[in-house]
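Q: I have just opened this one and have not looked at it before. Could you walk me through it?

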Amino acid sequence: GIEKLIYPAGSLQGDMPNKLVAALPLNEAQERLSRAEQALLREWHAIADQARKNWFNIAAHPARKLKLTDEGWEEIWQRQVVLRPIWQVFWVYVPMGSEYAETYQEASRLLDGLKHSRLFEQSEEEGEKDSLSGQRSALHTKAPANMPTRGWTKKYWEEISKNIPASLLKPEGKERLDSIALVKRFADLREKRTFPSTSTVAGW
């Protein structure tokens, strides 16, 4: 419960730190930490789904016949948001010793070792990359039969940008977003949430 949270002290309203410290019953620690990880992922999926809806509502235009999503688009979204989420969660627990400082140092040592020993999963991100990070595939649908596949991603975003204000998306296909960038750009964190800090968003 919140009464056992050591850091950050007090309410968790607002921006969250990247590390939490809590005193838990040793026989419940693993279960509680696992549940906390799952809660984070549920919140991420909720934010991502709402951002997707916001984007769709803005980008959809009845006068234009551009197909916003298809199976290829969905495959990219699922891979980047669900199957390989950007969040990496590491946790350790140690018995509380007589000195808090020593216990904290031991936990920190184990956590650092865990981070440094993690295996990096190879992720195949094919095709044209997003224009922000340049690391992940930009979202796009399958090229129409009368369009060459090469260059379609830029054309897709060029068409999308005609329906979206330039304050949200640069026009003429100059910005091509992957799933993560789309969530950042279109998530309405003001609704039942507060904006995270610049450093937090930069770490996404």
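Predicted model: local features only at pLDDT ≥ 70, side-chain atom pairs only at ≥ 80, totals over all residues.

Q: Which residue forms an aromatic pair with tryptophan 73, and is the pair stacked or edge-to-face?

A: The partner is tryptophan 77, and the two rings are stacked, at 5.6 Å centre to centre with 10° between the planes. Both residues belong to helix H2, and since they are 4 residues apart there, about one helical turn separates them. Tryptophan 77 is buried as well, its relative accessible area being 2%.

Q: How many aromatic pairs does the structure hold, and which residues do ring pairs link into a cluster?

A: There are 9 aromatic pairs in the structure, and a cluster linked by ring pairs takes in Trp55, Phe56, Trp73, Trp77, Trp152, Tyr156 and Trp157.

Q: Changing topic, why is helix H5 largely enclosed?

A: Of the 8 residues in helix H5 (residues 179-186), 6 are buried, so the rest of the structure largely encloses this helix. Those buried residues are Ser179, Ile180, Ala181, Leu182, Val183 and Phe186, and they pack against helix H1 (29-59), helix H2 (71-83) and helix H4 (152-161).

Q: And what caps the N-terminal end of H5?

A: Aspartate 178 does, with a side-chain oxygen 3.2 Å from the backbone nitrogen of isoleucine 180.

Q: What about the surface, which residues make the nonpolar patch?

A: Ile6, Tyr7, Met96, Tyr100 and Tyr104 make a nonpolar surface patch of about 480 Å², to which strand S1 (5-7) and helix H3 (100-116) each give two or more residues. Tyrosine 104, which lies in helix H3, is partly exposed, with a relative accessible area of 33%.

Terms used: Residues numbered from 1 in each chain as written. Heavy atoms only, no water. Buried < 20%, exposed > 50% of the residue type's maximum accessible area, 1.4 Å probe, protein only. Contact = heavy atoms within 4.5 Å. Polar contact = N/O pair within 3.5 Å; in protein donor to acceptor, adjacent residues only side chain to side chain. Patch = residues over 30% accessible without salt bridge, like charges linked within 9 Å, V, L, I, M, F, W, Y side chains within 5 Å. Areas by Shrake-Rupley, 256 points an atom, 1.4 Å probe, with all protein chains shown as cover. Salt bridge = Lys/Arg side-chain N within 4 Å of Asp/Glu carboxyl O. Phe/Tyr/Trp six-rings, centres within 6.5 Å; stacked < 30°, edge-to-face > 60°.
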